[in-house]
Amino acid sequence: MMQIILKFIIKNIQENKFRSFLILLAIILSTALFFASNAVSYSFSKTIVAQMKSTYGETDIVVKPNKDNKASYISEYIVKNHPEIGLVMGVNQVNGIYETGSDEDETFTLFATDIDKLKKVNPFELIEKTDSEVFSGYEIIISSSTAEKYHLGLGDKIKLSVKNVNYKFKITGIAAPSMLFGSEQQNRFALVPKKTLDNILNTSGRSSQVYIKSISGSNIKEVIASLKSELKRYKVDVDEAVNSADIESQLSTIKIPFMAISILVLIMSIFIIYTSFKVIMAERLPIIGTFRSIGATEKKTRNIMLNESLAYGVIGGCVGIPLGIAILAGMLGVISASNPRGMDIELGIQMGNVIYSFMVAVGVSFFSAYIPIKKASKLPLKDVIFGKLEEDGYGKKKKYKLKVAILICAIVIPYIVPSSLVIPVGVLSILVIIIMLLQVVPVLLRVVTFMLEGIYGSLFGNQGVLAIKEIKGNDNISQNIGLLALSISTMLFVYILSGTMEGLITNASQGAKYEIATMSMEQEMNKSLLNRLKTVSGVGKVSLLYKVVAKDKDSGQSMGAIIGINANDELDFYDTRVRDVADVKPLLDKLHEGRNILVKEAVLSKLNLKVGDTINIELPKGYKPYKIIGILTSATGDILAGYNYVKTDFKQTDYASIRVKSDTPDETVKAIKEMYGDNRNFTATLKETVVTMKNMFGILFGILKGFAAVLLVIGIFGIINNLVIDFLQRRRVIAMYKSVGMSKAQLTNIMIIKAVTSGLLGGLFGITTTILELKVLDKIMTASVGIVPIDYSIPLFITAFVAGVVITLIGTIAPLMRGQKLQIIEAIKYE
Amino acid sequence: MGSVIEGKNIIKEFTLADIVSRILDQINVDVLEGEFVSIMGPSGSGKSTLLYLLGGLDKPTSGEILLKGKNIAIMNDEEKSIMRRRDIGFVFQFYNLIPNLNVEENILLPVLLDGKSAKNFEEELDEILHIVGLNERRKHTPRELSGGQQQRVAIARALINSPDLILADEPIGNLDSKTGTEIMELFKRINTEKKKTIIQVTHSQEAARYGNRVIQLKDGRVI
Ligand SMILES: Nc1ncnc2c1ncn2[C@@H]1O[C@H](COP(=O)(O)OP(=O)(O)O)[C@@H](O)[C@H]1O
Ligand SMILES: [Mg+2]
């Protein structure tokens with residue numbers, strides 16, 4: 001008997017090829033995107049780790065001077081013999097500029113260490129070398145790719161400028177382009193004798209870094225801990241050379257936006273599978289009834305159906321994951337290709353991710369189908385035989401009330417939680433809003449159709465009324481509106497965010513009158529750094545900034561970022577503007593005379609404040625009242641205050657960044673970078689920053705738009721499927737209409753009114769969802785990065801309506817033509 | 001008395017898997033105003049097919065059908081639709097109501113499709129609801145009605161636009177005998193009081209007795 005059911009199911013799948021295709025498409029694409037999003041940060045970290053490993057070789061611990069250490073170099077001999085330490089080697093590195101003769105000079109990383117030790121822990125292969133046995137004096141080893149590019153050979157001399165002094169090195173070796181010489185995307189790599197570089201840098205034999213190789217099998221964490229305590233008095237940092245877990249977790253933020261959209265795609269798949277299985281079960285109810293009535297157990301019938309959904313999941317996983325790898329490769333390709341001097345990001349595939357994504361595919365398919373299957377197989381036999389699948393009105397109403405309540409909670413909660421919780425709660429509430437909106441579409445539809453009935457009656461006459469009645473309570477149409485709303489809102493969300501970010505970047509650079517911004521990640525950003533900076537060639541006037549994130553003590557709300565400025569030179573660096581004030585200088589001066597602030601309009605309206613009000617700002621200890629003295633209209637920051645108050649009130653020892661004026665920005669940036677030496681820093685011209693940022697956001701949003709487009713494609717297929725199902729389910733009804741005298745023209749009109757209306761409603765619900773999402777996003781952004789005025793673009797909203805209508809109209813073409821051709825008797829005669 | 005509907009030399013063939021089978025072979029029927037005709041015959045003898053041909057739901061392979069003297073073969077879709085709204089009322093075995101419309105709306109459907117205002121039909125609606133005995137069920141949906149009640153709605157719908165001809169395909173075939181009798185009584189009243197011409201398909205002798213003429217079909221011919 002079970003075989004008969006099985007046969008029936010196989011036939012059923014064959015007959016509904018399009019629906020089976022849709023279910024598979026949804027699972028495959030959502031699995032693929034999920035996999036790719038998960039793998040993206042791993043690929044980045046894998047690449048970075050590989051690059052770092054190429055420098056560190058087998059050494060696994062690095063010691064270097066810390067922030068408190070006045071000296072930039074340490075002796076490698078401070079690391080005493082230790083049973084778990086196998087090798088200690090001091091390393092110095094510096095950049096050398098090679099004049100290529102063309103526009104772009106080449107930067108070499110000159111790397112120096114004890115060459116015998118290096119050969120032990122990080123061997124490199126020399127393709128060509130001179131006879132000289134010892135590596136000393138002004139000798140240099142370059143990679144074969146460098147040699148090729150600049151037509152250099154053994155014995156050639158190469159002139160490199162280190163800290164503005166020129167040195168001539170003689171090439172005595174050419175190495176294969178692997179290991180140490182393997183990652184030359186950013187800088188060319190070259191090996192020079194340690195003594196030589198020590199002389200150039202004047203280190204008296206000491207090193208900027210000491211690499212340590214622990215004995216294999218020893219616990220690195222413990223070795224580091226004991227080294228830390230041993231070396232405490234030398235003011236050094238002891239770290240693992242390459243901590244891949246750390247790197248990955250640092251990079252994991254990359255995947256957040258991709259993950260967010262993947263989750264939306266998953267939600268859509270769940271929705272499509274769930275609704276498809278509802279229809280599937282309704283279709284199979286008669287046969288389930290027949291089999292149950294002749295003795296098949298509830299469990300057995302259910303298991304057969306569940307196996308079917310499992311099969312979809314397994315196929316989805318098997319196809320989706322390879323597709324995900326392809327998508328990932330595409331993404332990484334786009335990212336690598338768009339910054340030619342950047343790194344080539346390698347594809348990183350974790351077995352864990354493969355298994356995880358596969359489980360998601362199977363899980364999504366299984367559980368989305370589980371509820372409708374369970375419902376159908378649990379039905380009392382009587383209901384099965386009479387084909388009753390729907391719940392009674394009362395239970396439904398109660399559920400809808402609960403869903404609406406959850407929806408309202410999700411909309412409101414981000415406004416009432418303390419700002420420390422806004423980010424996790426906000427993200428969760430965006431998801432809940434989307435899921436619940438999908439759930440309450442039928443109720444919303446009921447309300448809307450109720451309101452539209454009168455309007456349509458007067459607009460389109462009786463046909464309009466009939467069309468509205470067709471829409472009311474029609475599951476397929478409410479599902480379509482849900483699918484449209486989800487696709488449209490995701491598209492809008494990505495597009496609006498992308499537009500907002502681009503505007504933000506453009507705005508931020510408008511009004512800036514400096515050329516370079518710099519900050520150090522490792523050194524203290526204080527007076528002494530400022531003074532050193534002033535001596536760098538090309539550096540003109542400099543100006544410092546403090547930056548803190550502020551919170552209103554009374555409401556607990558986040559207010560955005562306070563920028564602490566120096567009124568004396570601020571106008572030289574930024575064209576600061578205040579609403580209705582022509583001469584800004586006296587107002588800026590006031591910032592130093594008391595706790596006065598200039599605040600952006602957006603902040604004021606958010607906190608319901610006006611000029612002249614005083615606000616209590618939360619400080620590390622207690623709070624202080626600040627008076628609002630004007631509305632800031634330029635884009636320096638959300639709030640401007642005098643640096644003296646920011647510094648003392650917020651206990652700031654370091655500047656946030658230093659702005660530099662320069663007539664020769666490009667050269668000056670190079671010079672500043674050289675001043676920092678090995679210390680990590682961010683230094684770039686404003687122009688470069690804007691271009692890089694725009695590029696970066698362009699790539700990011702390009703990929704996100706691609707993801708959103710995938711969602712839209714699944715959505716469109718889902719909509720077409722629903723429209724076909726709707727037609728098939730309503731064949732008899734259409735025949736009925738025709739038998740009482742509905743003409744083809746009337747049928748067409750009604751179907752078009754239905755399609756346009758559901759398209760418009762999809763657009764409307766989509767836009768509503770987007771606005772709700774953006775409101776929450778606004779809260780999240782204010783709490784994390786500062787106030788970002790979101791650019792609600794009207795043309796985009798109009799496009800959403802048009803897209804909704806076009807999609808449903810396209811999906812209606814096939815049913816429309818079949819409806820025209822439908823023979824009344826065919827549909828009526830045979831049950 | 002004039003003829004309401006006339007079929008001349010109707011031949012109907014169906015082609016299934018290249019095999020042509022002649023279901024109706026040179027049928028001639030002429031139904032006059034006020035008649036209540038029952039088409040009878042064994043299952044599969046072509047009763048429904050004939051009824052649908054007469055109502056213009058299907059086209060004959062050859063032959064002519066004249067509704068009040070007009071050949072329905074030459075009508076376009078618009079004209080045929082108007083004919084179905086105004087001149088003919090259909091009642092089917094499986095009631096065939098629109099599930100998302102309530103009783104009133106179902107009944108008024110032909111009027112609505114005719115572009116008329118439902119308001120102008122309030123009186124007719126009241127009268128018809130009274131005749132079919134569903135005054136209390138106006139706002140119910142078909143799901144909430146019994147089979148007999150649904151068939152009454154279908155009959156009411158067939159009456160609303162005061163058509164001259166009512167075609168019913170086994171109207172009580174799906175109902176218990178008591179309800180069936182009630183429905184047949186209803187048809188009889190409509191025939192005598194409202195002077196409507198009725199053609200019904202039935203295989204029940206009892207139901208046929210409510211009519212005043214029987215057309216017997218066998219092997220595609222009238223006997
Ligand atoms: N659309 C069709 N295609 C093929 N054969 C049909 C079609 N409609 C009816 N028939 C055949 O015509 C014959 C008469 O059908 P029908 O008029 O429904 O019979 P009755 O109503 O007298 O039981 C049957 O054998 C049926 O199988
Ligand atoms: Mg029949």
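User: Which strand of chain A does helix H20 run at about 170° to?

Analyst: This is a predicted model, in which local features need pLDDT of at least 70, side-chain atom pairs count only at pLDDT 80 or more, and totals for chains, interfaces and linings use all residues. Residues are numbered from 1 along each chain as its sequence is written, chains are lettered from A and ligands numbered from 1 in the order in which they are written, and side-chain values use heavy atoms, with hydrogens and water left out. Helices (H or I, at least four residues) and strands (E, at least two) are DSSP runs numbered from the N terminus, and angles, from 0 to 180 degrees, lie between N-to-C directions of axes fitted to C-alpha atoms, for helices over the stretch in contact. Helix H20 of chain A, residues 665-676, lies across E11, E18 and E19 of chain A, and the strand to which H20 runs at about 170° is E19(A).

User: Which strands stand at the edges of the open sheet of chain A?

Analyst: The sheet has 9 strands in the order E15-E16-E14-E17-E13-E12-E18-E11-E19, with mixed pairing, where two strands pair if DSSP finds at least two bridges between them. Two of these strands of chain A have a single partner strand each, so one side of each is left without a neighbour in the sheet, and they are E15 (614-618) and E19 (681-685).

User: What is the bridge partner of A:Thr518 in E18(A)?

Analyst: Strand E11 (residues 516-520) and strand E18 (residues 657-660) of chain A pair in the antiparallel sense over 3 bridges. Within E18(A), the residue that bridges to A:Thr518 is A:Ile658.

User: Which residue of chain A forms a salt bridge with B:Glu105?

Analyst: Between chain B and chain A the count is 1 salt bridge, a term for a side-chain nitrogen of Lys or Arg within 4 Å of a carboxyl oxygen of Asp or Glu. The closest N and O atoms are 2.6 Å apart, and the partner of B:Glu105 is A:Lys469.

User: Which helix gives the most residues to the side of chain B that touches chain A?

Analyst: Taking contact as heavy atoms within 4.5 Å, 28 residues of chain B are in contact with 23 residues of chain A. The elements of chain B that give two or more residues to this side are H1 (47-54), H2 (77-86) and H3 (103-113). With 6 residues, the element that gives the most is H3(B).
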